[in-house]
Amino acid sequence: IRIGPTALQPVITISQSSPYTVEAAAGQTLTVPSASGVDPLSGNPLSVTAKPATISLSSLATHTVTYSCQTSAGDLSSSLLTIVVQDSSSPVVTLLK
């Protein structure tokens, strides 16, 4: 009989590697990439939460998303994903006559 945490942390797999780079887009948001969790003892899938769940693409910035999950025994795990919002397009210069 097992009571309480087992010290075996859940395994979290994030669908994108870090840093994850995306293009800026005024007025748009990004739903963060998905992740899956597995209980290392039972092999059962676990629900993973991401905070924040969305980020703004309106400004250039670096965001850190924390993914976390917990086994039924109370074992916790978290993983981080860095998301970089960038503008890689070249500026356009228009000459006025």
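The model is predicted: local features require pLDDT of at least 70, side-chain atom pairs count only at pLDDT 80 or more, and totals for chains, interfaces and linings use all residues. Residues are numbered from 1 along each chain as its sequence is written, and side-chain values use heavy atoms, with hydrogens and water left out.

The protein chain contains 0 helices and 9 strands. Helices (H or I, at least four residues) and strands (E, at least two) are DSSP runs, numbered from the N terminus. The order of elements from the N terminus is β-β-β-β-β-β-β-β-β.

Along the principal axes, the C-alpha atoms fill a box of roughly 85 × 20 × 15 Å. Buried residues (under 20% relative accessible area; exposed is over 50%, partly exposed in between; 1.4 Å probe, protein chains only) make up 24% of the 97 residues. The protein chain exposes about 6,600 Å². Carbon and sulfur atoms supply 55% of that area. Accessible areas come from the Shrake-Rupley method with a 1.4 Å probe; for residues, only the protein chains shown count as cover. Among contacts (heavy atoms within 4.5 Å) with a separation of 6 or more, 58% join residues 24 or more positions apart.

An open sheet of 3 strands has the order β1-β4-β5 and antiparallel pairing. Its edge strands, β1 (11-14) and β5 (45-46), each pair on one side only. Two strands pair if DSSP finds at least two bridges between them. Strand β4 (residues 35-38) is joined to β5 by 2 bridges. Here valine 38 stands opposite proline 45.

Further pairing involves β8 (residues 61-70). Strand β6 (residues 49-51) runs antiparallel to β8, with 3 bridges. Threonine 49 faces serine 68 of β8. On β9 (residues 76-86), β8 has an antiparallel partner over 10 bridges. Serine 68 also stands opposite serine 78 in β9. β8 and β9 form a hairpin with 5 residues between them. In the turn, glycine 74 has a positive phi of about 100°.

Leucine 8 lies in the segment before β1. Its relative accessible area is 38%, so leucine 8 is partly exposed. Leaving aside residues up to four places away in sequence, leucine 8 touches Pro40, Leu41 and Asp75. Threonine 66 is 58 residues from leucine 8 in sequence, and their C-alpha atoms are 19 Å apart.
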